[in-house]
Amino acid sequence: MPLIDVVIPNYCYGRYLPQSVQSIVRQQVEDIRILIVDNASTDDSVDVANELASHDRRITVIARKKNLGLHASCNEGIDWAVSKYFVILCADDLLVEGCFKRALSVLEREPDVSFACGGELVWHEDRPFPAVENSDAHDWRFLSMESFALERSLPSKVLFGGGAAVMRTADLKRVGHFRPEISFSEDLEMFLRLSLGRRAALTKAIHGIRRVHGANLSAIFWQDFKRDMIEKKLTFDSFFSHEAASVPGVERLRRGVYRNLGKRAYWSGLSHIARGERAAGLDLLKFAAQLSPSLAYIPPVDYLAHMPNPLGHIRTRLAEAWSRH
């Protein structure tokens, strides 16, 4: 039985496929399988995928005649998987060399850990390729579902995402498919399900490269902070209303998550106002109060401790506000 199965969902990213596949095969794990699921691409993706498969028997290609969407591709990969571990890598993203070995060292040692996730670097492809300098220190942290949910509702100095995670296939099949109604934070929603009754392992070491090229599916959310917050709230709501519905203290946890999201909306609202985007800023402040009513009266100063370089952020916003007068 192979050790790791990797599914690559693809739509019109033929130009990125060779680099993505190469980042998988260069891992220090020989016993892998790769499934490329093409969603009726209109570029040369299928030809590129078939060419890659012709040179590596570990690669299988599924070429759909109709685009069924990202979730269907990921779910088909879950059904296909037979290996001990499972990875989803978007066709335009990359893995950092050695990330499989680092994740497997934890998963093999800690049987109650359902997934091991490293950090991701954001690479704007019109800029130089980022240098990755991972230390050899094993800085893994182990989180319960409650700790993971609260932490992921706050900003982080390290970006975590699905492409940087190695999951136990048995746990993934147990929790089921990705839900089509979760249109943006599907990796977070799956991580929440996987962490229920288990543990999550996170490291700051960089395991993935998230490529930004203007055509990313999530670009619209990056540009609209309120919509991003709404989608994250829907993601948490889905988990709290389904798998976690009977967990003791779930309503207290939900309120804690809402308050964290509200804090983010609050300070983003002030930031928008400082930049002269008054209407959007006031809308975010209103949304923050809807998430956690006390935010209408008491500024969440404690949130600043979770921001990367909070003093620099405040100075920048004050300078922007001052320049407008």
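Predicted model: local features only at pLDDT ≥ 70, side-chain atom pairs only at ≥ 80, totals over all residues.
Me: Are α9 and α11 roughly parallel or roughly antiparallel?
Reply: Helix α9 spans residues 225-241 and helix α11 spans residues 278-291. They pack at an angle of about 15°, with their axes 10 Å apart. Angles under 35 degrees count as roughly parallel. So α9 and α11 are roughly parallel.

Me: Is the crossing of α9 and α11 left-handed or right-handed, and which residues of α11 make the contact?
Reply: The crossing of α9 and α11 is left-handed. From α9, the contact uses F225, K226, M229, I230 and K233. Their partners in α11 are D283, L284, F287 and L291.

Me: How many charged residues are in the contact of α9 with α11?
Reply: Sorted by class, this contact has six nonpolar residues. No polar residues take part. The charged count is three.

Me: How are α9 and α10 oriented, roughly parallel or roughly antiparallel?
Reply: Helix α10 covers residues 250-274. The axes of α9 and α10 come within 11 Å and cross at roughly 180°. Over 145 degrees counts as roughly antiparallel. The pair is therefore roughly antiparallel.

Me: How many nonpolar residues does the contact of α9 with α10 have?
Reply: On the α9 side, the residues include F225, M229, F236 and F240. On the α10 side, V250, L253, V257 and L261 are among them. The contact also has three polar and five charged residues. The nonpolar count is ten.

Me: At what angle do α5 and α7 cross, and are they roughly parallel or roughly antiparallel?
Reply: Helix α5 runs over residues 145-152 and helix α7 over residues 186-195. Their axes come within 9 Å and cross at roughly 160°. That makes the two helices roughly antiparallel.

Me: Which residues of α7 meet α5, and is the crossing left-handed or right-handed?
Reply: M145, F148, A149 and R152 of α5 make the contact. They meet L188, F191, L192 and S195 of α7. By class, the contact has six nonpolar, one polar and one charged residues. The crossing is right-handed.

Me: Which residues lie nearest the centre of the second largest pocket?
Reply: About 240 Å³ of space lies in this pocket. Twelve residues line the second largest pocket. Nearest its centre are R141, E151, P155, S156 and K157.

Me: How many charged residues are in the lining of the second largest pocket?
Reply: The lining has five nonpolar residues.

Conventions. Residues numbered from 1 in each chain as written. Heavy atoms only, no water. 1 Å grid on protein atoms, 1.4 Å probe; cavity = no way out; pocket = protein on both sides within 12 Å on 5 of 7 lines; lining within 4 Å. Points joined across faces, edges and corners; volume = space filled by probe spheres on them. Nonpolar A, V, L, I, M, F, W, Y, C, P; charged D, E, K, R; others polar. Axes fitted to C-alpha atoms, helices over the stretch in contact; angles between N-to-C directions. Helix = DSSP H or I, 4+ residues; strand = E, 2+ residues; numbered from the N terminus. Parallel < 35°, antiparallel > 145°, perpendicular 65-115°, else oblique. Left-handed = near helix turned anticlockwise from the far one by under 90°. Contact = heavy atoms within 4.5 Å.
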